[in-house]
Amino acid sequence: MCGIVGYIGNQDAYPILIKGLHRLEYRGYDSAGVALIDGDQLNIYKAKGKVSDLEESCTSKNIAGTIGIAHTRWATHGEPNHINAHPHYSQSADLALIHNGIIENYAVLKEGLKQKGYTFQSQTDTEVLVQLIEYVKTSNKTDISTAVQLALKQVVGAYAIAVVEKSNPDLIIAARKSSPLVVGIGENEYFIASDASPIIEYTNKVIYLEDEEIAIIRRQEPPKIVNLNNVPKTLQITQLEMSLSELEKGGYPHFMLKEIFEQTRTLRDCMRGRINIDNNHVALSGIIDNKDKFLNARRILILACGTSWHAGLIGEYLFEEFCRIPVEVEYSSEFRYRKPVIYPDDVVIAISQSGETADTLAAIELAKNAGAFVYGICNVVGSSIPRHTHSGSYTHVGPEIGVASTKAFTAQTLVLIMMALNIGKEKKTIPQKQFEKILLELDKIPDKIEMILEQNSKIEDLSKIFTYAHNFIYMGRGYSFPIALEGALKLKEISYIHAEGYPAAEMKHGPIALIDNEMPVVVIATNGHTYDKTISNIQEIKARKGRILAIVNKYDDKVKNMADYVIEIPDTEECLGPLLSIIPLQLLSYHIAVKKGRNVDMPRNLAKSVTVE
Ligand code: G6P
């Protein structure tokens, strides 16, 4: 989703801005642009396509200036083209503005401005905002920061913006509402960005803007933060812990492959300090600090989108089995617009890699307003969701750059497992023997993932067989059902092959009509209490000549005899199965997508961080 970068200081702004845009590429975008002030010129350059296209188009241009703003756009209003790309000039070309988010009342504002003689070049809501700021500034004869405040008061919707003014080459104004924005504090230089990744190589001191806050950033002066009523706020500087090397590819051809291979380490990092095998102990501080909330929960509501929602589904199986608490798993986008029944003694768990997903944030507010206790499971430290929930657990997997989520998913699942064990033990709803067995097994998971990763080249070979396919079906039961959904999502996201996941027994209620000798069916057929039932489902597919690729445990003999292809994974406790069975499916999707020549890390139309609803 759109990315913002800004710079003001003593260095040339252009290289810093371009590098920053590259760091934000993982979010997904379709055009890019930059605005620079050089003397009495305010230059804007834009290009459809990639940041590298923008760089190419700038080769013969004046890119001087020590102040500038830059943007990657993910189209919402108006198609992805040069005209709709940001930055946008105001009517007089004295202001340039970049924007993430959606101005919901842009049509009304635009009509009002048209009547006052303003004309528009683009189809964007962003151009309406920059014109509005200019109109407010000239009609009220005020300065730019007051004009931004007054204009934003008229705006309904979500925004993170940055504005520069030709006649004011020592000032950037930035503001946010429901869309993230970070200010980086360097030595006599300041940065702004949608997240910390463009800033980290220059400074680890940042300020996270809150909703309806405006940062007034002047050259050589500490930034000033005010609200829309001009009330100043004390600066709260946060120290970042992310390192630059964590953002690089580390020798892998793609971030996605690097992130798949990192899972042995990331799961260890996620467990560190939370599990103690010697003492048979699992403790998450967020659970311990809020023990009563969990012990007295009438119900657990899990809210999430995309891959995080699949992790949430695994949570449903876990909490019901080990904590005996009823669970509902909801798409945030549906939940927020229903009239959901929320009880004050509900515990709401919001799951999000980025911590910025607009629908999940809105669903959290709804739950909080209804008096529920809200617990976040997030990866990005300091992002909006951890700041808007009562408590929570970080997944601690480091930055995930590949748009298709991999290591964040396994860590979200692991956090849910640890939560269920922690709560189940406190509630005494999990037998001690079973608790100990699972704990011992959990400790072995990273090594077992390593064993699966060793089969990478075998899975790569297998992937060649399937590049022909236009459709795929994934099926599983119990804890493997969410993995069927997640396996199918991974494949469609990055290979653009149509894929659907089903609970295996549902096949005969419709999807089985699709089976013929061209249809690959991936079956997660690992050990568990529905293993025999899954075998019957495989027979139904075989009888219709479907081509079965089965994920089985070592020493399995029944499925192996029926399937066309098998991938073996180590055996484990049933509830931990998802942590292992998803790994070959991630690799399979990755290799199929590479064979088809897809842009694996930045698939078309997708965004890493979905900050608009
Ligand atoms: C986007 C990403 C997915 C992610 C989903 C939810 O669609 O491409 O990978 O699962 O958003 O994002 P979140 O950051 O809330 O987990």
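# Close-up views of the model

**View 1. Met475 stands opposite Val523 in S25.** This meeting of residues belongs to the pairing of strand S23 (residues 471-476) with strand S25 (residues 520-524), which run parallel and are joined by three bridges. Strands here are DSSP runs of E with at least two residues, helices are runs of H or I with at least four, and both are numbered from the N terminus; two strands pair if DSSP finds at least two bridges between them. Everything shown is a predicted model, in which local features need pLDDT of at least 70 and side-chain atom pairs count only at pLDDT 80 or more, while totals for chains, interfaces and linings use all residues. Residues are numbered from 1 along each chain as its sequence is written, and side-chain values use heavy atoms, with hydrogens and water left out.

**View 2. S23 and S25 sit in an open sheet of five strands with parallel pairing.** Reading across, the order is S24-S23-S25-S26-S27. At the edges you will find strand S24 (498-503) and strand S27 (565-569), each pairing on one side only. On average, neighbouring strands of this sheet are turned by 20° against each other, direction ignored. Helix H16 (residues 456-466) lies across S23, S25, strand S26 (547-553) and S27, and runs at about 155° to S27. (Angles run from 0 to 180 degrees between the N-to-C directions of axes fitted to C-alpha atoms, for helices over the stretch in contact; contact means heavy atoms within 4.5 Å.)

**View 3. Another open sheet has five strands in the order S19-S18-S20-S21-S22, with parallel pairing.** Strand S19 (327-331) and strand S22 (391-394) stand at its edges with a single partner strand each, so one side of each is left without a neighbour in the sheet. Neighbouring strands are turned by 20° against each other on average, direction ignored. Within the sheet, strand S18 (residues 299-304) and strand S20 (residues 346-352) share five bridges in the parallel sense; look for Ile300, whose bridge partner in S20 is Val347. Helix H14 (residues 407-427) packs on this sheet, touching S20, strand S21 (373-378) and S22, and its direction makes about 135° with that of S21.

**View 4. The ligand is surrounded by 13 residues.** The closest are Ser308, Ser352, Gln353, Ser354 and Thr357 (a residue is near the ligand if one of its heavy atoms lies within 4 Å of it). Helix H10 (residues 306-323) gives the largest share of this shell, three residues. For polar contacts (pairs of N or O atoms within 3.5 Å), start at Thr357: an N or O atom of its side chain is 2.4 Å from an oxygen atom of the ligand. A backbone N or O atom of Gln353 lies 2.7 Å from a ligand oxygen atom, and a polar backbone atom of Val403 is 3.3 Å from an oxygen atom of the ligand. The protein covers 90% of the 390 Å² of accessible area (Shrake-Rupley method, 1.4 Å probe) that the ligand has on its own.

View 5. Most residues other than glycine have a negative phi, and most peptide bonds are trans. The peptide bond from His86 to Pro87 is cis, with omega near 0°.

Terms used
A polar contact is a pair of N or O atoms within 3.5 Å; within protein, one must be able to donate a hydrogen and the other to accept it, and residues adjacent in sequence count only if both atoms are side-chain atoms.
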